[in-house]
Amino acid sequence: MKADGTPGGVLLLVFGAVTALLSLRMPVGTFRAAGTGLFPLCLGVLLMALASIFLLTRRAVAPPPAQRDAGSREAPGSHRQMLLFLGAIILATLLLDPLGYPLSSFGLLLALLRILGIKQWRRNLLIASVTTGVAYLVFVHWLKIPLPMGWLGR
Amino acid sequence: MLESLQYLIGGFSLATTTQNLAYCLIGAIVGTLIGVLPGLGPIAGIALLIPATFGLNPTSALIMLAGIYYGAMYGGSTTSILMNVPGETASVITCIDGYQMAQQGRAGPALAISAIGSFIGGTISILGLTFLAPPLAEAALAFGPAEFFSLMVFGFVVLSNVTGTSLLKALMMAVVGLILGTVGLDPVTGNERFTFGSTYLLGGVEFVAVAIGVFGIGEILVNAANPAELLERRVRVPRFRELYPSLQDLKRSMGSILRGTGVGFGVGLVPGPAPVIATYASYMVEKRLSKRPEEFGKGAIQGVAGPETANNSATQSAFIPLFVLGIPFGPVTAILLGALLIHGVTPGPLLIGEHPQLFWAVIASMYIGNFILLLLNLPFVPLFANILRAPKKILLPLVMFICITGMYSVNNSILDIWLMLGFGVLGYLMRRWAYEGAPLLLALVLGPKMEVAFRQSLMISHGDFGVFLRRPISLILLLATLVFLLIPVLRALFRPWRKRAVSEV
């Protein structure tokens, strides 16, 4: 991936084109009596224009080094670790309804701590159970938020 | 003015009863907690707690609800500074420099200056609310749809200019935010747009999901890709005397705090999500006026002091149009209007005459509430700053867990979590490709209002775009926009010439 944002520019050009095309399927109207599709159509065309200028002038504009946004730095670490991290979150979200909030959160915390390299199971169990317990008390008991309880709620 | 002072003294005698002091304290504490928890913003917080005020008299109820509102504005900065997760929308801009300060072991000064700025901004703004309410509210009425549209265009261009390194990239992000803002029901005709038959999208793209996703999850994913030794590394632990701002910090921040107060107060009188716009406007002003603008984005204390002051100042002055005109200019004041109506009080020009006790007691309670918040927040600075002692490999899973729980609690919807994760991946890519998140978020909030202003202006002018140029305020704003658009172009044109001149010297 390049930090100059060229792949992003291409994606934005496509996004603008798709927006414009979908807007044309709606009633566009006139500027005097604008229809539902007019404003998004203008935005789609504007995004296409900006993305085109960006892609064309990319070489002329000084490349933005990762000087301001700390996040723009190239992560030297493993993408595998990040994908595992993301995968665990996706799995926990899928299991949130059937397993319930306490169990899925507990499992998620255990998995994330392990993926990031903490191998002491006792420590992980303690962190996961205390965090889940406190969150359960705050959100379910105190704020009365109806978090899914899954098997535990039956 | 003397009359206002007399009424204010009467208001203080009512606001300082044990019962009202207790409600003010409860409001401030609950508001701070709501602000700290990602996902639960002042809108959700006040909406959840309105039923709890049913048994109270209108004055106590409003004192508590107003306390929740400005308490949330105080608390919202905490997670922005410590975790790069905005507790509520007005804290998005605080992430930029606040989080960088925390990464450099300066979370304490960032949190403290944010509390001090909020106190000063809030208190001066209440003074304005006390004495200038009626005449200022009338001036705000001069803004029609054309002026609003031009103001928002100006805001986007200015914001794109001050955040990030590429104007084009920032402008593209703003347009993406505007497009996302069109998802849902057309605000004029009520037709569906980009919902693809989903009832979930009828209400539009959930702002909180985008905010937590782009800022919080994106940052977490970037960090999760780091190798073990980087995840083990802790943020430099500050010594006790480093937990609070130094004299130099205070000196550097004072101008920003005073300017932030002025910016926030002015923006609070204008329709729209005032605290959000105020933070962006203040950040822009600070970066422009700074002798070292290159420090912004890398942990400049002025980048925290100005916006945090401005959002609290705007929060207080936004009560002026609500009380004096009965028109809520933002979503939170709209909910407060609903709460007032439930309690049998109709805000408007007659409010001060018909319910003077309520009006002045609430104003007086705001002075007290601001002082309570300062007392509450400053002692907690070491506690919050010490959260960063934990290594990232423990912090990241905990923040992720808080994000998921907070996100679910907004609408009790798992779909919101999916949306947040989707925007998290987008936020990750945006960081890798050096695209800014702030313009996207501001555009998402202001998009629907901008569209309505655009369409109303053209409807009134029968499709004539000259309407934006014929109205003086609108014309000035558009000319200022043009200047901001030309600045980077001129800079790029003059750069080779300046380099040559320097090398010749």
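Along its sequence, chain A follows the pattern α-α-α-α-α-α. Its secondary structure amounts to six helices and zero strands. Helices here are DSSP runs of H or I with at least four residues, strands are runs of E with at least two, and both are numbered from the N terminus. This is a predicted model, in which local features need pLDDT of at least 70, side-chain atom pairs count only at pLDDT 80 or more, and totals for chains, interfaces and linings use all residues. Residues are numbered from 1 along each chain as its sequence is written, while chains are lettered from A and ligands numbered from 1 in the order in which they are written.

Chain A has 154 residues, and 34% of them count as buried. A residue is buried if 20 or more other C-beta atoms lie within 10 Å of its own, exposed if 12 or fewer, and partly exposed in between, with C-beta atoms placed from the backbone. Take the contacts in chain A between residues at least 6 apart in sequence: 56% join residues at least 24 apart. Two residues are in contact if their C-beta atoms, placed from the backbone, lie within 7 Å.

Next, confidence. The model scores ipTM 0.87 and pTM 0.73. Chain B has a mean pLDDT of 81, and 86% of its residues reach 70 or more. pLDDT is the predictor's confidence in each residue, from 0 to 100.

Now the interface. Here 57 residues of chain B are in contact with 63 residues of chain A. On chain B, six helices each supply at least two residues of the side that touches chain A: H8, H9 (207-224), H10 (228-232), H19 (392-411), H20 (414-432) and H21. H19(B) gives the largest share, ten residues. By class, this side of chain B has 33 nonpolar, 15 polar and nine charged residues. Ala, Val, Leu, Ile, Met, Phe, Trp, Tyr, Cys and Pro count as nonpolar, Asp, Glu, Lys and Arg as charged, and the others, Gly among them, as polar.

Several of these helices also pack within chain B. Two packed helices are described by the angle between their axes and the distance between the axes. Start with H8 (residues 167-181) and H21 (residues 438-460) of chain B, which pack at an angle of about 45° with their axes 7 Å apart. H8(B) is therefore oblique to H21(B). Axes are lines fitted to C-alpha atoms, for helices over the stretch in contact, and angles run from 0 to 180 degrees between N-to-C directions. Angles under 35 degrees count as roughly parallel, over 145 as roughly antiparallel, 65 to 115 as roughly perpendicular and the rest as oblique. The crossing of H8(B) and H21(B) is right-handed. A crossing is left-handed if the near helix is turned anticlockwise from the far one by less than a right angle, and right-handed if clockwise. The residues of H8(B) in this contact include B:Ala170, B:Met173 and B:Leu180, and those of H21(B) include B:Pro439, B:Leu444 and B:Met450. The contact divides into 14 nonpolar, three polar and no charged residues.

H9(B) and H19(B) come next. Their axes come within 10 Å and cross at roughly 160°. The two helices are therefore roughly antiparallel to each other. H9(B) passes H19(B) in a left-handed crossing. Among the residues in contact are B:Val208, B:Ile212 and B:Ile220 of H9(B), and B:Lys392, B:Leu396 and B:Met407 of H19(B). By class, the contact has twelve nonpolar, two polar and one charged residues.

B:Ile93, B:Thr94, B:Ile96, B:Asp97, B:Gly98 and B:Met101 in H5(B) meet B:Gly303, B:Val304, B:Pro307 and B:Glu308 in H13(B). That contact has five nonpolar, three polar and two charged residues.

Finally, look at single residues. B:Asn412 is in the loop between H19 and H20 of chain B. Its phi is near 50°, a positive value in a residue other than glycine. B:Asn412 counts as exposed, because it has 11 C-beta neighbours inside 10 Å. B:His462 is in the loop between H21 and H22 (467-470) of chain B. Phi of B:His462 is near 55°, again positive in a residue other than glycine. B:Val324 lies in helix H14 (residues 319-325) of chain B, and is buried, with 22 other C-beta atoms within 10 Å.
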